[in-house]
Amino acid sequence: MNSVDEAVSATVKIRDQIGMSYEEMFWFQVDTGCKFLELHFGWMAMEIATQSNFWDLWVMEWVYDDAQIEKQFYLTSESQYKRLKVSRIDDKQMCEMLYDNLERKKR
């Protein structure tokens, strides 16, 4: 199994472990990503969300972080996972990665 498959598998295991549905996980990822964009990019948030590869980068970082969480913690509830997940977002690192990797789609 390659590292991407392992990371995605970790997210699925965590979701099953805490009883979170696929839809709940999806909307938690989207909501957290939107709040991150609004906080750090203000008026450009919508443009970045719709005209770049932000969501690819966001989900990639999300599942790789879940792989680390699965190795380090035993989660017992959805609220525990959400608190842990939000506390682990490294704003500075994520912003640097976005600035380095965002590729605007040409219209």
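Visitor: What makes the sulfur of C34 too far from the closest cysteine sulfur for a bond?

Guide: The closest cysteine sulfur belongs to C95 and lies 15 Å from the sulfur of C34, whereas a disulfide is counted when two cysteine sulfur atoms are within 2.5 Å, so the pair is too far apart for a bond. C95 is likewise in no disulfide, and a search of the whole structure finds 0 of them. This is a predicted model, in which local features need pLDDT of at least 70 and side-chain atom pairs count only at pLDDT 80 or more, while totals for chains, interfaces and linings use all residues. Residues are numbered from 1 along each chain as its sequence is written, and side-chain values use heavy atoms, with hydrogens and water left out.

Visitor: Which class does M44 fall into, and why?

Guide: M44 is found in the loop between helix 2 and helix 3, and because its relative accessibility is 23%, M44 counts as partly exposed. Between M44 and G33 there are 14 Å in space, C-alpha to C-alpha, and 11 residues in sequence.

Visitor: Why is K85 called buried?

Guide: K85, which lies in helix 5, has a relative accessibility of 2%, and therefore K85 counts as buried. Leaving aside neighbours within four places in sequence, K85 is in contact (heavy atoms within 4.5 Å) with F28, W62, D65, D66 and I69.

Visitor: What makes helix 1 roughly perpendicular to helix 4?

Guide: The axes of helix 1 (residues 3–18) and helix 4 (residues 54–72) come within 8 Å and cross at roughly 65 degrees. That angle makes helix 1 roughly perpendicular to helix 4, because 65 to 115 degrees counts as roughly perpendicular, under 35 as roughly parallel, over 145 as roughly antiparallel, and the rest as oblique.

Visitor: Which residues of helix 1 and helix 4 meet?

Guide: From helix 1 come S3, V4, A7, V8, A10, T11, K13 and I14, which meet V63, Y64, D66, A67, I69 and E70 of helix 4. By class, this contact has 9 nonpolar, 2 polar and 3 charged residues.

Visitor: How do you know how helix 2 is placed relative to helix 6?

Guide: Helix 2 (residues 22–41) and helix 6 (residues 91–101) have axes that come within 12 Å and cross at roughly 85 degrees, and they are therefore roughly perpendicular to each other. The contact is made by F36, L39, H40 and F41 of helix 2 with D91, M94, C95, L98 and Y99 of helix 6. Its residues divide into 7 nonpolar, 1 polar and 1 charged.

Visitor: Why is helix 4 called oblique to helix 5?

Guide: Helix 4 and helix 5 (residues 78–88) pack at about 120 degrees, with their axes 11 Å apart. That angle makes helix 4 oblique to helix 5.

Visitor: Which residues of helix 4 and helix 5 meet?

Guide: W62, D65, D66, Q68, I69 and Q72 of helix 4 meet Y81, L84, K85 and R88 of helix 5. This contact divides into 4 nonpolar, 2 polar and 4 charged residues.

Notes
Axes are lines fitted to C-alpha atoms, for helices over the stretch in contact, and angles run from 0 to 180 degrees between N-to-C directions. Helices (H or I, at least four residues) and strands (E, at least two) are DSSP runs, numbered from the N terminus. Ala, Val, Leu, Ile, Met, Phe, Trp, Tyr, Cys and Pro count as nonpolar, Asp, Glu, Lys and Arg as charged, and the others, Gly among them, as polar. Buried means under 20% relative accessible area, exposed over 50%, partly exposed in between (1.4 Å probe, protein chains only).
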